[in-house]
Amino acid sequence: MEMLNAIILILFPIIGFVLIFSFPTKTLKAKTASPSNPTSYQLIGSILSFNKNRHRLLQWYTDLLRLSPSQTITVDLLFGRRTIITANPENVEHILKTNFYNFPKGKPFTDLLGDLLGGGIFNSDGELWSSQRKLASHEFTMRSLREFTFEILREEVQNRLIPVLSSAVDCGETVDFQEVLKRFAFDVVCKVSLGWDPDCLDLTRPVPELVKAFDVAAEISARRATEPVYAVWKVKRFLNVGSEKRLREAIKTVHLSVSEIIRAKKKSLDIGGDVSDKQDLLSRFLAAGHGEEAVRDSVISFIMAGRDTTSAAMTWLFWLLSQNDDVETKILDELRNKGSLGLGFEDLREMSYTKACLCEAMRLYPPVAWDSKHAANDDILPDGTPLKKGDKVTYFPYGMGRMEKVWGKDWDEFKPNRWFEEEPSYGTKPVLKSVSSFKFPVFQAGPRVCIGKEMAFTQMKYVVGSVLSRFKIIPVCNNRPVFVPLLTAHMAGGLKVKIKRREQCDSMYI
Ligand code: HEM
């Protein structure tokens with residue numbers, strides 16, 4: 001086996017080199033728009049251009065989409081799957097809603113995450129997806145889940161997040177705020193999904209093995225998609241070498257740990273258990289009679305979907321606020337009118353300015369930068385772009401948030417006011433605009449819209465409000481941070497900050 005590994009490892013780059021350089025490649029070529037010709041740009045055979053831009057795909061695609069008359073491009077790579085990338089809201093509506101059944105995630109996508117997520121809701125199509133969606137949607141509309149989640153948030157913020165930040169103030173430490181928010185979100189999503197507390201917000205303790213395993217598994221699974229030749233990761237997986245070997249080990253840790261938690265939960269449910277033990281998603285799925293493996297896949301999907309998304313959005317918002325004092329002051333004004341005993345559920349509903357800030361941060365830095373489906377049959381997008389069965393079709397929230405045609409000339413400004421019907425003025429209750437989810441598909445849209453959207457806003461408003469009313473967050477470095485996409489986006493190198501206590505803290509709330 002060792003010998004075989006060595007032979008393939010030597011042969012693979014050679015074969016790759018020959019494949020890439022033995023075919024003529026063309027650089028970007030614009031097609032003239034006409035009714036019979038799609039109004040999209042086409043990149044033909046340009047594996048070299050792809051490779052050259054591999055480290056800056058977000059920017060490359062965004063620039064090309066701006067040049068395209070209908071904000072749609074077609075990438076045709078030699079040996080690769082044809083990919084259509086769109087930032088056009090009408091196309092997005094067609095893909096995510098109007099012709100939803102023609103755009104499943106598809107096997108090429110579910111293969112990438114299949115080892116980790118199995119047939120969980122996040123990684124399935126058809127009947128397998130639909131039955132999980134029905135059950136989960138039912139649970140997510142239940143008041144009991146909302147109350148349970150809010151209680152978890154309150155505990156995690158009051159007993160862990162605030163003390164961690166207070167101690168950083170007292171010691172004058174520099175803190176990686178992205179890491180703090182990630183650990184916070186992991187605790188919350190595990191408590192909601194599994195009824196299990198990983199207790200990882202304590203920065204003095206090493207990151208728990210399960211958290212590390214989730215990080216490794218998510219990162220390597222996502223990197224599979226960026227291999228220029230799709231088969232590379234499959235060969236590595238077959239041989240169990242390199243990153244695929246690390247992935248296999250990480251997935252084993254995740255599966256074993258979650259299975260152990262499920263067995264313990266089943267035992268506690270069998271013997272009656274405490275009622276508070278039964279409010280998490282795991283207990284709800286077990287009560288619905290699903291098998292152990294199906295439940296395991298489902299809860300892992302929820303953890304994956306809910307763990308880094310909220311922390312990514314908040315990390316970027318805190319950075320944007322540090323650059324926009326006037327916006328931060330307006331959030332503080334909104335908080336000033338809230339009760340003295342901490343934020344309540346009703347207070348959160350009224351925090352429309354904070355919600356606008358979150359939306360504006362996610363417009364520029366969406367936690368899920370792009371997302372792909374695969375055409376089940378030939379089709380034509382509303383802008384005239386033809387699709388063949390099997391084509392990869394990507395809608396692109398990152399590019400959409402940066403299109404003048406979608407957001408106007410001031411698209412690059414951080415302007416929460418754009419989310420209101422009218423400029424909010426002091427003393428009046430601002431009304432949020434209803435913005436099409438196909439223009440802002442940060443939570444996806446249509447039948448597969450993010451199931452945790454409301455939970456996410458509750459969590460983010462609660463954290464932003466609780467932190468800002470007590471502390472000023474000051475980045476130690478003034479450079480613009482780098483946005484890294486992967487499965488969920490993050491800030492390269494984290495967000496290193498100093499934290500100051502606000503003087504008026506006591507007069508706001510505890
Ligand atoms: C800012 C926070 C969040 C953002 C931006 C976000 C975004 C998204 C997006 C873009 C999708 C579609 C992904 C795809 O189909 O490939 C999705 C799906 C999903 N999200 Fe979220 N999400 C967030 C928070 C959460 C939270 C907190 C949870 C739950 C704990 C959650 C649960 C899910 C689930 C279960 C799905 C799969 C839905 C389905 O396929 O039917 N999300 N989310």
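Reply: Let's start with a loop residue. Q71 sits in the loop between α3 (57–67) and β2. Keep in mind that this is a predicted model.

Me: Why is Q71 called buried?

Reply: Buried means under 20% relative accessible area. Q71 has 7% relative accessibility, so Q71 counts as buried.

Me: What is phi of Q71 near?

Reply: Phi of Q71 is near 50°. That is a positive value in a residue other than glycine.

Me: Why does N240 count as partly exposed?

Reply: Partly exposed runs between the two cut-offs, under 20% for buried and over 50% for exposed. N240 is at 26% relative accessibility, so N240 counts as partly exposed.

Me: On to S221. Where does S221 lie?

Reply: S221 lies in helix α9 (residues 209–224).

Me: What makes S221 buried?

Reply: The cut-off for buried is under 20%. S221 is at 1% relative accessibility, so S221 counts as buried. Leaving aside neighbours within four places in sequence, S221 is in contact with L112, L113, L116 and L247.

Me: How do you know that the side chain of S221 makes a polar contact with A217?

Reply: A polar contact needs a pair of N or O atoms within 3.5 Å, one able to donate a hydrogen and the other to accept it. A polar atom of the S221 side chain lies 2.7 Å from the backbone oxygen of A217. The distance of 2.7 Å is within the 3.5 Å cut-off, so the pair qualifies.

Me: Now N123. Where is N123 found?

Reply: N123 is found in the loop between α5 (107–117) and α6 (126–140).

Me: Why is N123 called buried?

Reply: The value is 4% relative accessibility, and the cut-off is under 20%, so N123 counts as buried. Not counting residues up to four places away in sequence, N123 touches F109, T110, L113, G114, L117, G118, S301 and R448.

Me: What does the side chain of N123 reach at 3.4 Å?

Reply: The backbone oxygen of G118. The cut-off for a polar contact is within 3.5 Å, and this pair is at 3.4 Å.

Me: What makes N88 a cap for α4?

Reply: A side-chain oxygen of N88 lies 2.8 Å from the backbone nitrogen of E90.

Me: Which residues of helix α4 are buried?

Reply: In α4 (residues 89–98), N91, V92, H94, I95 and L96 are buried. The elements that cover these buried residues include β2 (72–76), β3 (83–86), β5 (371–374), β6 (379–380), β8 (392–395) and α17 (397–400).

Me: How do you find empty space inside a protein?

Reply: Rolling a probe the size of a water molecule over the atoms shows where empty space is left. Here the count comes to one cavity of 30 Å³ or more. About 30 Å³ of space lies in the largest cavity.

Me: Why is it called a cavity rather than a pocket?

Reply: In a cavity, a 1.4 Å probe fits but cannot get out, whereas a pocket is an open set.

Me: Which residues line the largest cavity?

Reply: I95, L96, F100, F103, K373, Q444, A445 and R448. By class, that lining has five nonpolar, one polar and two charged residues.

Me: Where does UniProt place the feature "binding site"?

Reply: UniProt places this feature at C450. C450 is in the loop between α18 (404–407) and α19 (453–468).

Me: Why is C450 called partly exposed?

Reply: C450 has a relative accessible area of 32%, between the 20% and 50% cut-offs, so C450 is partly exposed.

Technical notes
Residues are numbered from 1 along each chain as its sequence is written. This is a predicted model: local features need pLDDT of at least 70, side-chain atom pairs count only at pLDDT 80 or more; totals for chains, interfaces and linings use all residues. Side-chain values use heavy atoms; hydrogens and water are left out. Helices (H or I, at least four residues) and strands (E, at least two) are DSSP runs, numbered from the N terminus. Buried means under 20% relative accessible area, exposed over 50%, partly exposed in between (1.4 Å probe, protein chains only). Contact means heavy atoms within 4.5 Å. On a 1 Å grid over the protein atoms alone, a cavity is a set of points where a 1.4 Å probe fits but cannot get out, and a pocket is an open set with protein on both sides within 12 Å along at least five of seven lines; lining residues have an atom within 4 Å of a point. Grid points are joined across faces, edges and corners, and a volume is the space filled by probe spheres set on the points. Ala, Val, Leu, Ile, Met, Phe, Trp, Tyr, Cys and Pro count as nonpolar, Asp, Glu, Lys and Arg as charged, and the others, Gly among them, as polar. UniProt positions are given in the numbering used here, feature names are shortened, and annotations may be inferred rather than shown by experiment.
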